[in-house]
Structure formats: C-alpha cells, structure tokens
Amino acid sequence: MGETRGGLLAGVEQGIVKAVTEASEAAIKAKGSFTLVLSGGSLLNFLSGLADSKKISSWDKWHIYYVDERNVPHTSPDSNHKGACTAFLSKVPIPAANQHAILENVPVDQAAKHYEGMLIGTPTTILPRNSDGLPVFDLMLLGTGPDGHIASLFPNAPQTAATSGWVLPVSNSPKPPPERITFTLPVINAAKEIIFVASGEEKAEVVQRILEIQALPGALPAQLVRPSQGTLRWFLDVQSAQKLDISNWEDRKAFPRTT
Ligand SMILES: O=C1O[C@H](COP(=O)(O)O)[C@@H](O)[C@H](O)[C@H]1O
C-alpha cells in the first residue's frame, strides 16, 4: 500500500471511528446500550482504530451483530467474525455474550433460523422495534462488492427480493464461500443509521453505478438501501470516488441521480 493511499485510508478510518463513537454515545445515553452491525470483507480493515480510541469507555454496553456471515467455523479465514476479532474485538472488553457470531457447524438453514431467533429474543430495551415490528439497530456499517451486492444479498437473488423474514440462508452465493446467512433488506432499512464504506480504485465503477445510474430493481442491491426512518451516509476515499461527477453535488438530495 503506497503512502498516499495509506493517508487516505487513515482518513476514512478516522471518519468511521468518529461516526461509531458518536453513535455509541448517543445510543447509550438514550437507551443504555449500543447495537452495532458489521459487514465483512474490506470494511473490517477500517475498524482497527476503534480499539485505540480513547473516547470509548462503555464497551460493556456494546452489542455486536453481523449483517451477513459465512457458514464456516469462527476460526476460518472466511469468517466475518474472525475478521472483526482480528480488527478490534479481541482488543476491547466487549462481553463475549454481546458478540453475536453465527452458530457453528450446523446446516445453513438452521444457522439462519438460530440467528433470527436470537434477534427476536433480544429485549426491546436493547433492540427496539419499529412500527412494522422490525428491529431498529443503532448503526449498520455496510460494504458493497464490485457487483453491487450488500450483506449476502446478491444481484437478482431471491433473498434480495425478500419482503419478510429477518435473517435468510444463502446456499449458492456467487462469491465464495457459497453458504451464508444474511439480514433481509427490510431489516437493513429499519436501522437508525447506515454508513456505506467503499475504498480503493476497484470500487470506483460500482460506486459510480450505485450513485449515478438507475439500475433495474434488484440488479444493484446497494441501490435498495433506503432507511425507512434512519440516515444513510457514504464514506469514500478519493480512489473509490474518482468516477463520480461531483459537480452540483451539494444539490443532490437523493441517489441515484434522477435528473
Ligand atoms: O462477501 C462479502 O462481501 C461484501 C463486500 O466485501 P468487499 O471485500 O468487496 O468490501 C461484504 O460487505 C459482505 O459483508 C461480505 O460477506
């Protein structure tokens, strides 16, 4: 990684640490707990700064969830939980009981049911419900793949079109490993705050497609992220933003561009 890119990455990482810190303070003040939903993949590279943050002290009030997870043991290099542990979870005192990893060594349908059951059983003091009965997570950090997938919701896959259920199994993911569990879009869109993170030149094209080109419904799952009550922000570096037309950016109220 070159120096320039390192500097830019540090900028994105600092932004994420600040956003997560602020969201945690607000949630703990409001309800005594903070629910943070993580993606896997490159996003996890930006979370190591959380462990060094001097501003975070109430780690025992944090609850960690995964917007998607691969159906592999927690020790597998493919495990999003393992990635999060390496990035910061192993370095901070979040109680193990508050780190909600996938149930290991079971068929993927059972893993999805178990994860959904765990969410349904979580007290509403920690995980409130909205008027549709959906869980309202305090903050979700989302990545997107070069095909525009989010979580394990892939272009034109049935799970991407699901309008019911909280957590679904995926048995034929086009990106390995094939078996995964994933939050559904209604659950994602019920979050209080969503932050997309995309970095590097390899994300430039998909970022431009997501933010500037109206795809057919389901073809670009990232375009379906529209929080029903919450806020949505994008954290980009110069490389991932390089194809965007940022003229008149301040006038943009929505994406993709509609005029
Ligand atoms: O497989 C996955 O891919 C996406 C995107 O990952 P990236 O490495 O291209 O940023 C990720 O957001 C998701 O959680 C993960 O399971």
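**Entry 1: starting at a bridge**

I began with leucine 141 and looked for its bridge partner in β7, which turned out to be isoleucine 195. The model I am reading is predicted, so I kept its limits in mind: local features need pLDDT of at least 70, side-chain atom pairs count only at pLDDT 80 or more, and totals for chains, interfaces and linings use all residues. Residue numbers start from 1 along each chain as its sequence is written.

Leucine 141 belongs to strand β4, residues 139–142. Strands here are DSSP E runs of at least two residues, helices are H or I runs of at least four, and both are numbered from the N terminus. I found that β4 pairs with strand β7 (residues 193–198) in the parallel sense, over 3 bridges. Two strands count as paired if DSSP finds at least two bridges between them.

On the β1 side, strand β1 (residues 34–38) also runs parallel to β4, with 2 bridges. There I noted leucine 139 of β4 as the bridge partner of leucine 36.

**Entry 2: the side chains of β4**

Which residues of β4 point one way, and which the other? Leu139 and Leu141 share one direction, Met140 and Leu142 take the other, and all are buried. Buried means 20 or more other C-beta atoms within 10 Å of the residue's own, exposed means 12 or fewer, and partly exposed lies in between, with C-beta atoms placed from the backbone.

Next I asked what methionine 140 touches. Leaving out residues up to four places away in sequence, I listed Val37, Val67, Ile188, Ala191 and Ile194. A contact here is a pair of C-beta atoms, placed from the backbone, within 7 Å.

Met140 came up again in the largest nonpolar core, which has 59 residues. Val37, Val67, Leu139, Met140, Leu141 and Ile188 have the most contacts inside that core. Such a core is a set of buried Ala, Val, Leu, Ile, Met, Phe, Trp, Tyr and Cys residues joined through C-beta atoms within 7 Å.

**Entry 3: around the ligand**

How many residues surround the ligand? I read 13, and the closest are Ser39, Gly40, Gly41, Ser42 and Gly143. By class, this shell holds 2 nonpolar, 9 polar and 2 charged residues.

**Entry 4: β6 and its neighbours**

I moved to strand β6 (residues 180–183), where Arg180 and Thr182 point one way, Ile181 and Phe183 point the other way, and all are buried. β6 runs antiparallel to β3, joined by 3 bridges, and arginine 180 is the bridge partner of arginine 70. Strand β5 (residues 167–170) is antiparallel to β6 too, with 4 bridges. In that pairing, proline 169 has isoleucine 181 as its partner.

In the loop between β5 and β6 I stopped at proline 177. The peptide bond from proline 176 to proline 177 is cis, with omega near -5 degrees.

**Entry 5: helices and loops**

In helix α3 (residues 80–87) I marked Asn80, His81, Lys82, Gly83 and Ala84 as buried. β1, β2 (62–66) and β3 (68–70) are among the elements that cover the buried residues of α3. In α7 the buried ones are Ala204, Val206, Val207, Arg209, Ile210 and Leu211, and they pack against β7 and β8 (231–236).

Two loop residues have a positive phi without being glycine. Asparagine 105 has phi near 60 degrees and sits between α3 and α4 (108–120). Alanine 151 has phi of about 45 degrees and sits between β4 and α5 (158–161). Are they buried or exposed? Asparagine 105 is exposed because it has 10 other C-beta atoms within 10 Å, while alanine 151 is buried because it has 30.

In the loop between α7 and β8 I checked glutamine 214. Its C-alpha atom and that of proline 256 are separated by 5.8 Å, although the two are 42 residues apart along the chain.

**Entry 6: the whole protein**

I counted off 7 helices and 8 strands. The radius of gyration is 17 Å, close to the 18 Å that the globule rule gives for 259 residues, so the protein is as compact as a globular protein of that length. The radius is taken over C-alpha atoms, and the rule is 2.2 Å times the number of residues to the power 0.38. Buried residues make up 39% of the 259.

How values were computed. Near = placed C-beta within 6 Å. Nonpolar A, V, L, I, M, F, W, Y, C, P; charged D, E, K, R; others polar. Contact = placed C-beta atoms within 7 Å.
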